[in-house]
Every structure is written in structure tokens, then in C-alpha cells.
Amino acid sequence: MIDKSFSIDNFITPEEIEKLLVFYKKLPKTVNSGDTKQAYTTGFPIEIAPVKDLISRLKKVLGEFNVTVSMFLEAFDPWNVHTDFFKDDHKPYYAVLIPLEFQKNLLTHTVVFNELGTDKEWKKKLNANSNYNYTSAELQLLSHIEPQDVLSKLSIYKSIPWKKGGLIAWRRDLLHSSDNFLEEGMEQKTALVMFLNKDD
């Protein structure tokens, strides 16, 4: 049984990180959709990535899947709580993120919650009180969340620190967010992101 969210250190090598960054820097950058410019979300076909056996490595961990979206995420404004469930596929599976570049000696995380976002109205359907007791460190990580009272309806499953070349994965029905990396003094961070599906 695969955990609903997990991480694996050193999933790709430092040399592979460098190849991916060189490849990314040759692509025309695309800004995220939506009203607020928060990141470059530069899509590309995963088949042309310079790490040739990346998909087979992932399949050893996650079993069979298809790739709905593959992109480089270069974030400069922390993401609020959101879902990756709606990507025009029929059977959403896992989201995977491989950190590639961020400022040395600074910490940043992906925060995965227990609650689900499988409906466009997920915000309205959250229970009024999760009874989760946030630590002061967790509240600091999530200080950018708007509105703050949404946290009273959520409970953290895992707060996963970014490690260059590591793999972070979570089921696409799980709500999640960035931490407030700006508070840490980090200006931006870059990762390879894929949304996987189990469509026939």
C-alpha cells in the first residue's frame, strides 16, 4: 500500500538536477493561470526531459500511470491551500514534485493536509472545526494562508521539507499548500512537477 503522501531522498542525482535546470532555462517561461502572478509554470512533454529513465524510476515507486501534466514550477509567491484534482483527466492519481533549486541553507516545505479537494466547492464542504492543534512552527509556515480561519478546518498530514533531488508525492485529492518561504528569506524556488493519472 502506497502512503497517501511520502518523500524519497536523492531520487535524482546532482548531475541530473543540473541537466534539468539547463534544459528549463532554454524553454520560454509561462506564467501561472489565474489573476495573481505567483510562479512560472512552464509545461513541456516529459518524454523530452534530459533524465531518460525518470518515468521508469517513478513507476517502480508508484506502479503504472500516465502523465497528465509535466512542468517546471518556479515559484516566487507562496501557494495558498489548493487541490490538484482538476486537470482534465478522469482518474487523478498522484502529484510528484522534485526540488531542483532554492537558496542554500534556507528551509522550505510542501504542506499536505488530511482533507480532500475533490469538488469545486471544497472550501464550503470543509468541516467547521478539525480540532487540530497547530504548533507555533506550523502556524509560522502557514502564515500566508488566506483566509487564516481556513486552517481551523484543516489538519496537517505531513509537512515535507524540500531536499534537492528528492521526491515529494501526494495523492491529487489531498489539499496542500506551500509554506511561507518568503518569511524564511527565500525569494524563489524551482521544482519539476508532474500530475499523474490512472486513465485507461
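Which order do the strands of the open sheet have? In this predicted model, local features need pLDDT of at least 70 and side-chain atom pairs count only at pLDDT 80 or more, while totals for chains, interfaces and linings use all residues. Residues are numbered from 1 along each chain as its sequence is written, and side-chain values use heavy atoms, leaving out hydrogens and water.

The open sheet has 6 strands in the order E1-E7-E4-E9-E3-E2, with antiparallel pairing. At its edges sit E1 and E2, each of which pairs on one side only. From one strand to the next, the twist averages 20°. Some terms first: strands (E, at least two residues) and helices (H or I, at least four) are DSSP runs, numbered from the N terminus, and two strands count as paired if DSSP finds at least two bridges between them. Axes are lines fitted to C-alpha atoms, for helices over the stretch in contact, and angles run from 0 to 180 degrees between N-to-C directions. In general, strands of a sheet pair through backbone hydrogen bonds, either parallel or antiparallel.

Going through the pairs, E2 (residues 39-43) is joined to E3 by 5 bridges, and the two run antiparallel. Here Thr 42 has Phe 72 of E3 as its bridge partner. On to E3 and E9 (residues 189-197): this antiparallel pair is held over 9 bridges, with Ser 70 standing opposite Met 194 in E9.

What lies across E2, E3, E4 and E9? That is helix H1, which runs at about 95° to E4; contact here means heavy atoms within 4.5 Å.

The loops have some backbone details to look at as well. Asn 10, in the loop between strand E1 (5-8) and helix H1 (14-25), has a phi near 55°, a positive value in a residue other than glycine. Asp 88 also isn't a glycine, yet its phi is positive at about 65°; this residue is found in the loop between strand E3 (66-75) and strand E4 (92-102). Are these two residues buried or exposed? Asn 10 is exposed, with a relative accessible area of 65%, and Asp 88 is exposed too, at 83%. On this scale buried means under 20% relative accessible area, exposed over 50%, and partly exposed in between (1.4 Å probe, protein chains only).

Finally, the peptide bond from Glu 146 to Pro 147 is cis, with omega near -15°. Pro 147 has its place in the loop between helix H4 (136-141) and strand E6 (156-161).
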